[in-house]
Amino acid sequence: MNKKKWSVTMAVVLCSGGMFAFSAFLVPSLANSAVVAKNSMATQVHTKVSPAGSTVPVLKVGVPKPVSTLNDDLIKQMTKEQIQQVYDYLELPGDPKTSGRQITDAEVNRRRVLEDKYVYEGLRPRKPLPLQAGQGELYFDIKANTYHQPGRSWTDEELLQMIDWTFRLNYISSKRYVQAPALPQKYSKSQIEVRAAESVRKLFDADISKLETNVMLLEPGYGIPSTWAVHSAPHKSLTMLGQGLEYWEYEVRIDPDTGVVLDTTVMNFAMKRTPIDAAAATAMKKDDSWIKEATRIVKDKQGEKRKIVKAYLTDTEVNNKRGMVAVDVLLEDGSKYNAEFRYPGKQLRCLIYEPAGKAK
C-alpha cells in the first residue's frame, strides 16, 4: 500500500473503540467522506451544555448510551470479495474524482440523520453501493477511481449506500493499519477525562457528565505530537445537526507527558459567524475590551497565577474573515495563552496554551 496515501482519521481511530463519533464533521460531502480513509490526516476532527454568555438551554442527555454493534455487523456482512474490493481501492493512486451533481446542504442534513440511524438503529441500504456502471445512477467506478453522482436529488437509499460504503472502507482500513504496541502512559483515560471535564467546567461553566464522551490518544505524525483528545457531544448529535437544532460540543487536548490541558474548545455548528469589516476592524484596534476579557479569563477562570507581561490582538487579517477575535496573553516565563472569541458577542470559543519553549 502507498504509505503516502495512508491516513489515520478520527473515524478510523475510533473504529477500534467501537464508535464512529466524529465521521460527519471530517468531510463536507458523502463522496469526499470516502476519501478520508485514504488520503487525509484529519485531527479535528466532531453537547449541549450552555457555555458562559450563551442563551442556548442546557441539554441533559439522560438516556443510557446504546452499545453500537456496527463493527461486528460490518465484518460479518462483508464477503471476501467485498473486503478485497476495499483493498483494491486503497491501492489506487491519487485522489478519487467525482462526476455529476454535487450534494446539497439539504441532502447533507438528511445524510446526518440517516447516519445516526445507521450506527445506532441498524438501518442499512437494501444493496451495497455499486462499484461499476449499469447498476444505478449513483456508483463508484472503482477502476477509474471516480464517484458518479445522480443529477437529481439523492434518495435515502443512495445516501445509505454511500454511508455504508464509507463505514466499510474505514473499518477495513483500520484493520489493515498495524499499530505499534502502546507504550505505558503516565495518565489513564479516566484521569484524562476528569481533567478535560474540569477544564470545560472552569472555562465554560458546563457539565459534560451527561454527554457522550470519547477519549483517545492520538499518535504522533505529520509533525503533530502525541496528544490526548477528549470529545463530548450529545447522543445522536448528527440527527440534531441535520434537524437544525442548536447544541454545544466540546473538544479538549491534553499533553500525555505532563497532563497539562493544551486546548479547550467549544463548538456550535448552528451559530452564524459575522465577518469583521474594515470599519469594525479599525475600531477594534482602539478597543481594549477584548484584551481585558482575555486576561480576565486567563486569571479568573483558568486560575493562572503567573504574571502576565503582555496581551495583544493576533492574526487579525485571518480572524476578521472568520468572525473571530484572538488575543495572545504572554506570561513571565515565556508561556502563552491564546484566547479566541466570537464576534461581536465576546463569547469564548477556545483557550489554547503553549508552555515555555514551545510558544512561538
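Arginine 168 is buried in this predicted model, with a relative accessible area of 10%. Its side chain meets that of aspartate 164 in a salt bridge, at 2.5 Å from N to O. Aspartate 164 also counts as buried, because its relative accessibility is 2% and the cut-off for a buried residue is under 20%. Both residues belong to helix H7, where they stand 4 residues apart, about one turn of the helix.

## Salt bridges

The structure holds 19 salt bridges. Three of them are set out below, each with the distance between nitrogen and oxygen.

| Glutamate 107 | Arginine 101 | 2.8 Å |

## Aromatic residues

A search of the whole structure finds 9 aromatic pairs. One of them joins phenylalanine 140 and tyrosine 147, whose ring centres lie 4.1 Å apart. The planes of these two rings are 20 degrees apart, and the pair is stacked. Phenylalanine 140 has a relative accessibility of 0%, so this residue counts as buried. Tyrosine 147 is likewise buried, with a relative accessible area of 1%.

Phenylalanine 140 also pairs with tryptophan 165. Which arrangement do the rings of phenylalanine 140 and tryptophan 165 adopt? Their planes stand at 45 degrees, so the pair is tilted, and their centres are 6.0 Å apart. Phenylalanine 140 lies in strand S2 (residues 139-141), while tryptophan 165 lies in helix H7 (residues 156-176), so the pair ties together parts that are 25 residues apart in sequence. Tryptophan 165 is buried, as is phenylalanine 140. Together with Tyr89, the residues Phe140, Tyr147 and Trp165 form one aromatic cluster.

Arginine 124 lies over the face of tyrosine 118, at 4.1 Å from the ring centre. In the case of tryptophan 290, lysine 346 lies over the face of the ring, at 4.4 Å from its centre.

Strand S9 comprises residues 324-331. Of its 8 residues, 7 are buried, so the strand is largely enclosed by the rest of the structure. In a regular strand the side chains alternate between the two faces of the sheet.

Which strands pair with S9? One partner is strand S8 (residues 308-314), which pairs with S9 in the antiparallel sense over 6 bridges. Within this pairing, lysine 310 has leucine 330 in S9 as its bridge partner. Another partner is strand S10 (residues 336-342), again in the antiparallel sense, over 7 bridges. Here valine 327 stands opposite alanine 339 of S10.

S9 and S10 form a hairpin, with 4 residues between the two strands. In the turn, glycine 334 has a positive phi of about 95 degrees.

## Threonine 239 and its contacts

Threonine 239 is placed in helix H9, which covers residues 237-242. Its relative accessible area is 15%, and the residue is therefore buried. Which residues does threonine 239 contact, leaving aside its neighbours within four places in sequence? The contacts are Arg112, Val113 and Asp116.

## The chain as a whole

The chain has 12 helices and 11 strands. Of its 360 residues, 49% count as buried. The chain exposes about 17500 Å², and carbon and sulfur atoms supply 53% of this area.

Key
Residues are numbered from 1 along each chain as its sequence is written. This is a predicted model: local features need pLDDT of at least 70, side-chain atom pairs count only at pLDDT 80 or more; totals for chains, interfaces and linings use all residues. Side-chain values use heavy atoms; hydrogens and water are left out. Rings of Phe, Tyr and Trp (its six-membered ring) pair if their centres lie within 6.5 Å; planes under 30 degrees apart count as stacked, over 60 as edge-to-face and the rest as tilted. Buried means under 20% relative accessible area, exposed over 50%, partly exposed in between (1.4 Å probe, protein chains only). A charge sits over a ring if NZ of Lys or CZ of Arg is within 6 Å of the ring centre and within 35 degrees of the ring normal. Accessible areas come from the Shrake-Rupley method with a 1.4 Å probe; for residues, only the protein chains shown count as cover. A salt bridge is a side-chain nitrogen of Lys or Arg within 4 Å of a carboxyl oxygen of Asp or Glu. Contact means heavy atoms within 4.5 Å. Two strands pair if DSSP finds at least two bridges between them.
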